[in-house]
Amino acid sequence: MSFPNFCGSYIVMLRHGSYISVYSGLSSVSVRKGQTVKTKDTLGAIGQDSDGRYILHFQLRQESARLNPEQWVR
C-alpha cells in the first residue's frame, strides 16, 4: 500500500506474514496495492530533503511492535 506522507513523499508498506516493512521518504512509487514483490524489486525512488540529501526511512515491525532492523538487514 502506498500513500503520500506529511512531507509530500510516499510510504510503501510490505507484509511478510506477521512482519511489516515500512519504507518512507519515497518521491515516487513503482508498486501497487496487492502486488506480489520479490527480493530486489524496485519499490520506488528515494526522495531528497531540502538540502538535496537522499533520505529513506525504514522500519520493521512484527504486527504493531517495532523491531530493530539492524538484526535483519544485510
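Mentor: Contact means that heavy atoms lie within 4.5 Å. This is a predicted model, in which local features need pLDDT of at least 70 and side-chain atom pairs count only at pLDDT 80 or more, while totals for chains, interfaces and linings use all residues. Residues are numbered from 1 along each chain as its sequence is written, and side-chain values use heavy atoms, with hydrogens and water left out.

Trainee: Which residues does Leu14 touch, not counting residues up to four places away in sequence?

Mentor: With those neighbours set aside, Leu14 is in contact with Tyr19, Ile20, Ser21, Tyr23, Val37 and Leu43. For the protein as a whole, take the contacts between residues at least 6 apart in sequence: 27% of them join residues at least 24 apart.

Trainee: How many helices and strands does the protein have?

Mentor: Both are DSSP runs numbered from the N terminus: helices are H or I, at least four residues, and strands are E, at least two. Here there are zero helices and six strands, which gives the pattern β-β-β-β-β-β along the sequence.

Trainee: In what sense do β2 and β3 pair?

Mentor: Two strands pair if DSSP finds at least two bridges between them. Strands β2 and β3 are antiparallel, with seven bridges. They form a hairpin with two residues between them, and Gly17 in the turn has a positive phi of about 65°. Along this pairing, Met13 has Val22 of β3 as its bridge partner, and Tyr10 stands opposite Leu26, also in β3.

Trainee: Is Tyr10 buried, partly exposed or exposed?

Mentor: Relative accessible area decides this: buried is under 20%, exposed is over 50%, and partly exposed lies in between (1.4 Å probe, protein chains only). Tyr10 belongs to strand β2, residues 10-16, and is partly exposed because its relative accessible area is 30%. For comparison, Gly34, in the loop between β3 and β4, counts as exposed at 77%. Of the 74 residues in the protein, 22% are buried.

Trainee: Which residues form the largest nonpolar core?

Mentor: In soluble globular proteins, nonpolar side chains tend to be buried together. A nonpolar core is a set of buried Ala, Val, Leu, Ile, Met, Phe, Trp, Tyr and Cys residues joined through side-chain atoms within 4.5 Å. The largest one here has six members: Val12, Leu14, Tyr23, Leu26, Val31 and Leu43. Strands β2 and β3 each contribute at least two residues to this core.

Trainee: What is the phi of Lys40?

Mentor: Most residues other than glycine have a negative phi. Lys40 has a positive phi of about 75° although it is not a glycine. Lys40 lies in the loop between β3 (19-29) and β4 (44-46) and is exposed, at 82% relative accessibility. Glu63 likewise has a positive phi, near 55°. Glu63 sits in the loop between β5 (57-62) and β6 (65-67) and is partly exposed at 40%.

Trainee: Which residues lie nearest the centre of the largest pocket?

Mentor: On a 1 Å grid over the protein atoms alone, a pocket is an open set of points where a 1.4 Å probe fits, with protein on both sides within 12 Å along at least five of seven lines; lining residues have an atom within 4 Å of a point. The largest pocket is lined by 32 residues, and Leu14, His16, Ser21, Tyr23 and Leu43 lie nearest its centre. Strands β2, β3, β4 and β5 each supply at least two residues of this lining.
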